Structure formats: structure tokens, C-alpha cells
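User: I would like to learn how to read a helix and a chain-to-chain contact. Can we work through an example?

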Amino acid sequence: MAGLTDLSLTELSLAEMRAGLAAGQFSARELANAHLEAVEAARPLNAFLKETPDIALRQAEAADRALADGTAGLLAGIPIGVKDLFCTKGVETTAASKMLEHFRPQYESTVTAKLFEAGAVMLGKLNLDEFAMGSSNETSAYGPVVSPWRAAGHDRPIVPGGSSGGSSAAVSARLCAAATGTDTGGSIRQPAAFTGIAGIKPTYGRCSRYGVVAFASSLDQPGAFARTVADCALMLEAMAGFDPRDATSIDAPVPHYAGGLAGDLRGKRIGIPREYHADGLDRQLVKLWQDGVAWAKDAGAEIVTVSLPHTSHALPTYYIIAPAEASSNLARYDGVRYGLRVAPEGGSLSDMYAATRAAGFGAEVKRRIMIGTYVLSAGYYDAYYLQAQKVRALIARDFEQAFEQCDLLLTPTAPNAAFPLGDKLTDPIGMYLNDVFTVPASLAGLPAMSVPAGVDGEGLPLGLQLIGRPLDEMGVLDAAFALEARAGFKAKPSRWW
Amino acid sequence: MAIDEQMVERVARLAQLRLAPGEARTLAAEIGNILGWVEQLQAVDTEGVEPMTAVIPAARPWRADEVTDGDMAEAVLANAPAAAHGFFAVPKVIE
């Protein structure tokens with residue numbers, strides 16, 4: 001190894017790893033080993049539900065061969081983590097639920113298949129909120145993920161955000177160069193903000209949902225985490241694309257995202273949605289947002305104020321639609337075809353269904369199934385579900401109208417920095433409020449990204465969110481690239497594990 | 001919206017969830033809170049608004065009506081909690 005220690009290998013960005021591999025400074029095998037060691041040493045974070053060193057080394061060796069014979073793909077030899085919501089053939093995929101404890105998919109999700117085809121090296125499967133339902137990664141049946149970050153002067157554990165908390169913690173702690181995530185109401189953007197890394201949720205339909213354990217199908221969208229915007233661009237490029245096996249997949253060409261990053265916002269108009277200035281918004285976030293405006297101006301953008309009048313209705317709309325879809329999607333877990341079965345002695349088929357579901361689902365999942373079942377049940381469907389779908393149309397229309405006046409929107413990613421483990425567990429609505437800035441773009445299906453922008457008074461990371469027009473991931477990435485360059489975010493968690 | 005334990009039990013039956021003793025009471029309070037919070041949507045004027053059914057309207061072409069997979073009974077049954085003779089096995093349904 002040309003003067004690079006294992007430790008410095010894990011510090012490299014994905015783009016730097018690609019350059020080093022291409023130049024022969026280190027091998028994919030060395031890169032994989034350095035990361036596997038980091039993963040093993042970081043077990044106190046509980047970020048990985050399953051480590052897959054054998055797969056990683058096999059894939060790294062294949063990457064080294066491809067690099068040697070000139071057939072290397074976009075991500076050849078890049079060590080990644082995979083959120084345990086993506087089915088991986090022959091490798092347990094649990095959705096962080098007891099329901100799927102021993103589930104071994106017989107097929108590969110489209111997104112992981114594309115990543116492996118591009119040469120990525122899988123280090124393991126990452127922890128998450130159970131069935132991706134949560135904003136703090138505390139609903140996992142296999143224990144919470146602990147953020148690598150700590151507030152200055154405190155050693156109490158804090159949350160890495162959720163639902164993709166294993167992904168955010170692992171990338172932030174330098175356990176992998178990048179990770180997959182899924183975002184239903186903010187599950188990529190909020191954890192990215194909480195851990196000082198970048199995360200992108202593309203347009204609904206950009207990345208295939210085939211082989212992703214379903215939560216709320218009209219909202220679920222795979223995306224990527226990495227420590228830089230350029231690295232997210234590389235990941236997304238490998239993950240995105242039309243898939244005939246996903247009925248809502250978009251048939252549109254995937255741009256060469258990383259090659260399109262210029263950070264030049266001249267001629268771009270960036271909208272500041274008035275309604276996101278909620279009363280009581282943390283002063284540090286207001287300041288960060290103002291910094292973001294100044295950076296965008298410095299990059300050449302014109303700033304305009306826009307209105308999204310139905311913003312305040314987005315969270316309640318989401319908390320009707322998402323549970324409704326979840327209750328329908330999770331009806332499949334009945335103890336018959338796969339997953340847990342609990343069959344009471346001498347009981348009927350119906351007893352088996354009810355006992356299996358009672359034993360397999362955790363409290364938050366049950367709560368959402370119950371709410372979803374209620375709002376879809378006879379007599380309540382029109383008042384709740386249909387009304388929510390109408391308000392959702394109004395929210396989407398708000399964005400359409402705003403995009404007549406601007407090209408992108410700039411907002412904070414989350415209303416607060418990461419909070420201590422356990423702080424919001426007894427307050428479901430307080431937990432839901434974490435998604436106040438991310439849910440509207442999810443309801444409208446728009447591409448959105450969080451970019452690390454600063455730290456709060458306790459040294460914990462804060463993120464800014466960019467939201468774009470449908471299919472304009474390039475515009476979102478490029479604006480994030482411009483902000484990233486000006487934010488000069490260098491903070492990283494100091495190793496306590 | 002007040003949710004009583006009876007309603008919770010009814011919804012639990014619809015959702016095929018067996019409740020533990022006392023769970024209906026806890027859930028009634030929690031679900032009541034959440035439904036009380038989403039109740040605010042009733043005040044939004046949605047007169048003449050079509051419910052949103054697709055995020056990105058897309059007309060997907062029909063594919064050819066051909067068998068594209070199959071013959072994988074073993075894979076289909078690989079994760080079954082109980083299987084016999086190439087079928088899923090379940091508790092007796094008919095007495």
C-alpha cells in the first residue's frame with residue numbers, strides 16, 4: 001500500500017477511492033479490508049444488522065480483476081452498506097422486524113443488482129426503523145442505532161435520524177464510502193442532516209422499488225447517502241434507471257450526474273418558501289438558512305420568495321396516506337408464505353394470522369397498521385383517506401405553482417439537530433414533527449437532497465434541503481454542490497467507540 | 001375524534017392483530033391523539049379537487065402477454081414456515 005494506512009483509506013471520499021483504485025495506489029481488496037476492520041470496531045453503534053465480509057472480499061477481488069483488465073464499472077471496488085430493506089439474494093433481509101428475522105430473499109432488488117453490476121462491494125446490511133417506520137432508528141426490533149456524533153461536553157447517546165439510521169451512522173462514522181437508503185417522508189434527508197453527510201431522494205420513480213420491502217408504495221423511493229455531493233451523484237447514477245418490474249418506474253434517460261456538477265447557479269432562481277418560516281423555528285436554523293441564501297447568491301443565483309400555502313397540512317396528510325398504504329402492504333405478513341409464523345396449539349387459520357402479526361410487529365408498526373386500517377374502513381374512508389388524497393393534490397399543485405417562479409427551493413432539512421436516544425419515544429406526534437420540512441416534497445414526489453451546512457451550539461450537524469422539479473436531480477445536485485463548496489463543512493464525529 | 005376500546009378492538013380484528021390484555025386501552029388513547037391531530041384536514045377546502053392517485057402521471061405501454069418467469073416452485077417455497085408436497089401448509093381450515 002503506497003503510504004496509505006488503513007485509517008486514511010476509510011477517510012477518502014468515494015471519488016478519491018475511485019481515483020486511487022484507477023491509479024493502482026491501493027487495491028479493492030485493501031480498501032475492503034480497511035473498511036471491514038472499521039465495521040467490526042464500530043459494533044457499539046449497532047449500524048449493521050449483518051456483516052458480509054465474505055461477499056465483500058469476493059466482490060473486491062472481482063473488482064480488482066476488472067480494474068486490471070479495463071472492464072471496471074462506475075463503482076468498481078467501492079465499499080458500500082445496504083439498508084436492510086433491500087432484498088439481497090441469499091442474504092437475510094429483515095426490514096429490522098422480527099417478522100422477517102430469518103427471511104432470505106430468493107432474488108436481488110433492482111437497485112442492489114445495479115450497484116453490484118457497477119462493481120460496488122457490499123460490507124453488510126444496515127439497521128433501520130422497523131419497516132422504515134420512524135424518524136430516529138429507535139423502532140428497530142434489533143435495537144437502536146447510536147449516532148457516531150455526540151453533543152459537546154456530553155457522552156449521552158444521540159439518534160442518527162431515521163428511518164435510514166444505520167446508513168447515516170455508517171457513512172458518517174467512515175465505515176463505508178456510501179450507502180443505500182429509502183425515503184418515504186424524509187428517511188434519507190433527515191438522517192443525512194443529523195449526521196453531517198449528504199443524502200439524496202430522487203424523483204419518485206427514478207430508482208426502482210423492485211425488491212424493496214414496501215412501506216407506503218406511493219411515497220417509497222430509494223436513494224443514496226455519501227459524505228460529499230459528488231459521491232451522491234456517482235451513487236445515484238449507478239442506482240437510477242427504468243425498470244419494467246416496477247409499475248411506477250420512470251422511463252427517462254439517466255444523466256451523467258457526477259460529470260454535470262459545476263456549482264454555477266448563474267441564471268437560476270432559488271425560491272424560499274414563506275410558510276417554512278414557522279414560528280419558533282430554532283434561531284440557529286434561521287441563521288443557517290440565511291447563510292444558505294448568501295451562498296446561493298454568491299454562486300450566482302437569484303433569490304425569490306414563494307408561497308406553498310398548504311404546507312401546514314402536509315404532515316397530517318402524510319400520516320393518513322402512509323399508514324393507509326402500510327396497512328394494505330403489511331397485510332401480506334400472515335405467517336403463510338414467508339416470515340414468522342405463530343400458530344397457537346389447536347388454533348384456526350385466523351388465530352394463526354392474528355397471533356403471528358401480534359408477535360412479529362413492533363409497537364410503532366402496529367400503531368400505523370391500526371390507523372391505516374381505521375382510515376380505510378367503511379364509513380371513514382371518505383372523511384380521512386379521500387380527503388387526504390385531495391389535500392395531497394393541493395400540496396403538489398403548490399409546488400407546481402412555485403416552480404413557475406423558481407427553479408429550486410431552499411429550506412432547512414429538519415426543524416432541529418439530532419436529539420438524545422429515548423427523548424421522543426413516548427411522543428409519537430413530536431417524533432412525526434421531525435419530518436415537517438421533508439414530507440411535502442415526498443407527497444409531491446419531487447427530488448430533494450440534504451447537504452451538510454453547519455453545526456449547532458453543541459457541535460451537532462445541521463443540514464439544508466434543496467427541492468427540485470420532477471426529474472431535475474441534476475439541478476438539485478448542482479445547487480447542493482455550490483452550497484457544499486461554500487459551507488466548508490469539515491466537522492466529523494470524533495471516535496469514541 | 002374519540003376512539004373507544006370497542007372501536008380499537010374492531011379495527012384490530014379488521015387488521016388481524018391480536019391485542020394483549022390492556023393493549024386496547026393504550027392504543028385507544030394513542031390513536032385518539034393521532035386522529036385528533038389529523039382531524040385538521042377536515043377544514044381544508046377541497047371542493048372540486050380530484051384526489052391525487054399518481055405522483056408522476058405516466059402512461060405505461062402494455063407489454064407483450066408472454067410468460068416471463070415461472071417454474072420456480074422451490075424458490076417460492078424456500079421461505080415458507082411450513083410446506084409439503086410443493087404447497088404451502090397451513091392449519092386445518094375445514095372441520
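This is a predicted model: local features need pLDDT of at least 70, side-chain atom pairs count only at pLDDT 80 or more; totals for chains, interfaces and linings use all residues.

User: What span should the 14 residues of helix α12 of chain A have?

Analyst: At 1.5 Å a residue, helix α12 (residues 363-376) of chain A should span 20 Å, and its end C-alpha atoms are 20 Å apart, which agrees.

User: Is α12(A) mostly covered or mostly open, and how many of its residues are buried?

Analyst: Start from the general idea: an α-helix has 3.6 residues a turn, so residues three or four places apart point the same way. In this case α12(A) is mostly covered, with twelve of its 14 residues buried. Among them are Arg367(A), Met370(A) and Tyr374(A).

User: What do the buried residues of α12(A) pack against?

Analyst: In chain A they pack against α10, α11, α13 and α14, and in chain B against α1 and α2.

User: What area is buried between chain A and chain B?

Analyst: The size of an interface is often given as the accessible area lost when the parts come together. Here about 4,800 Å² is buried between the two chains, and carbon and sulfur atoms give 70% of that. On the side of chain A, Met370(A), Tyr374(A) and Tyr384(A) lose the most area to chain B, together 14% of what that side buries. The contact takes 73 residues from chain A and 46 from chain B.

User: How many salt bridges are there between chain A and chain B?

Analyst: The count is two. Arg367(A) forms a salt bridge with Glu30(B), where the closest N and O atoms are 2.9 Å apart.

Technical notes. Residues are numbered from 1 along each chain as its sequence is written. Chains are lettered from A and ligands numbered from 1 in the order in which they are written. Side-chain values use heavy atoms; hydrogens and water are left out. Helices (H or I, at least four residues) and strands (E, at least two) are DSSP runs, numbered from the N terminus. The expected span of a helix is 1.5 Å times one less than its number of residues. Buried means under 20% relative accessible area, exposed over 50%, partly exposed in between (1.4 Å probe, protein chains only). Contact means heavy atoms within 4.5 Å. Buried area is the accessible area (1.4 Å probe) that two parts lose on being put together, summed over both. A salt bridge is a side-chain nitrogen of Lys or Arg within 4 Å of a carboxyl oxygen of Asp or Glu.
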